[in-house]
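Please look through the sequence and the structure below, and then follow the explanation that comes after them.

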Amino acid sequence: MSDFHQKPNQLCEAPLAEVDSILTGLLPAFLKNRRTNLNELQEAFIKRDYLKIQKIGHILKGISGSYGFSIMGIYGSQIEEAASHEDLSGIQREISSIKDYLNKVQIKFI
Amino acid sequence: MTNEQSQPRVLVVDDDFDSFMYLKVKLDGFVSSIEHCPCPARAIDLLKVPAKLSEFDLILCDLQMPRMSGLEFIAQLKAFSDISVILMTAFSTLETAVEALRIGADDYVTKPLSIAELKTTIERILLLKKSKNQDPSELRVELNNKIIGTNAEMIKILQTIKKLSYANVNMILLGETGTGKEVIAQHIHDSGLRAKMPFIAINCTSIPENLLESELFGHAKGAFTGAINKRKGLVEAAAGGTLFLDEIGDMPMGLQGKLLRLIQEREFKPVGQNQSINADIQIIAATHRDLKKSCAEGNFRHDLYYRLNVVSLHIPPLKKRLDDIPLLVTHFMKKFSKLNRRISGITPAAILKLQAYEWPGNIRELENCIERALLLANGPMIREDEIDISQTEAATTDSSASAFSEVNSMEATTNLFNSGLTLHEIENKYVEHILKKVHGKKEVAAKLLAIDRKTLYRKVQEIDKNGLS
């Protein structure tokens, strides 16, 4: 099952990302950059820098699905939306979801 | 793209390095080279150098970038270069993508990117570039062959169609009734990549509201009373091709939502079926209404308007292309030549009379006028006095109007029905009426009545005997 079919914010099991094997070489950098995004989100959250949060959310939304991490794309979309409304609890929830996702995600090359 | 190369050289303008790397890997083998510039302002500076600009055939540009947006980038780039640009954007910013097309982007793709879609888009853009270099005189020939005329405004429309023929975008044709919107829609279809696939046209006002959804999307067996079998709709029939929705401004609101879903999600559900069906079609819509006004009045969905209005073409009324009348008349005379083989042409005075008229019913009205003139003319030329413009306007208010529709006016029909005549008497009255209209020419009357001459003679004898009027 692709991770797209799992509900966001409810990761009881380890989420699965189905990644095109042609992208194997790009994956370490991709994941490293997403962890950097997570740290940036946490810093921006502390500073209440909604524009920065929106921007990172937009990046996650745009790039994650292409690499096979569709759920992270949904989190990106949701955090972008929450930041546009300055919804602090929503932002916090999505940051937590992204952190949880990055810790648990399992990768299957297809 | 240079002649030696069959693959494009691409520049990616995107601040996100992962996006670029993804494209680099996924487009490997499809492009001959791919370079990255993370800063749009820097890209503008680079591309202003002719030698650098000539290194690329195509630019893939992100929409959201720091300091300069994709829209600003395209606007600045198009000020000094006509290099092709494809905008990459997320769904939520599709309206902005449409704006990008308006300011000069050649097409857009949505994120997350579908590489298959991107490759198809790139191929289209490159084909488009080739067609741009075609000799403009070819357009005129094409115009003469298919759309009839040499009017400058029509040639501009044809040039736009040629530019967009591989863009596969939704279009809307705006113009008065009778201006030939369906002919143009067919031409758009025939000029594009979908030419070998079906072209399906439907007039949204010609089908009752409750049947239109089923007609468009089909229905499952038992979906409603009378649905004894599963039936495919026109959307499915147009698979891979083009669906032409005429008079879209009159589409019921409920159905507008379903059409929006078809355009956005590229899928639809037949009536009474839960499972969605994928639809790969190009939609060309047309209307004589002012859709912006309809949106403001709440009669047309804003979101649907923006989805359809990626490209809009204003088809001029006939009164603004009077110079095309001689060519159009020649075309219709050929078309209806079987009606009166004694006619070989039209006098200059008759043409001047046609050009002095405003043609509220546009080309359809002219067609009806020429058809009627051919029926009534004595030959060998259609004369000025044989052009009866006074009868044409009523004949063209209805899209199905024909040369003899004036004899069927609603008022006359109602009077006839209220006169207490039997069906047989009404039939004879109608025959008499037609004979009067064609000045007693029985051959012409028989054609209009769709009966043979013997039957007409018999009816005339009967009318004379009974003295109906």
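**A helix and a strand of chain B**

What covers the buried residues of α15(B) includes β13 (345-346), α16 (348-355) and α17 (362-376) of chain B, where contact means that the C-beta atoms of two residues, placed from the backbone, lie within 7 Å. This is a predicted model, in which local features need pLDDT of at least 70 and side-chain atom pairs count only at pLDDT 80 or more, while totals for chains, interfaces and linings use all residues. Residues are numbered from 1 along each chain as its sequence is written, and chains are lettered from A and ligands numbered from 1 in the order in which they are written.

In helix α15 (residues 325-335) of chain B, the buried residues are Ile325(B), Val329(B), Phe332(B) and Met333(B). Because they cover an arc of only 105 degrees around the axis, they are on the same side of α15(B); the arc is that of the directions from the helix axis to the C-beta atoms. A residue is called buried if 20 or more other C-beta atoms lie within 10 Å of its own, exposed if 12 or fewer, and partly exposed in between. Helices (H or I, at least four residues) and strands (E, at least two) are DSSP runs, numbered from the N terminus.

Strand β3 (residues 58-62) of chain B has five of its five residues buried. In a regular strand the side chains alternate between the two faces of the sheet. Leu58(B), Leu60(B) and Asp62(B) are buried on one side of β3(B), and Ile59(B) and Cys61(B) on the other.

Strand β1 (residues 9-13) of chain B pairs with β3(B) in the parallel sense over four bridges, pairing requiring at least two DSSP bridges.
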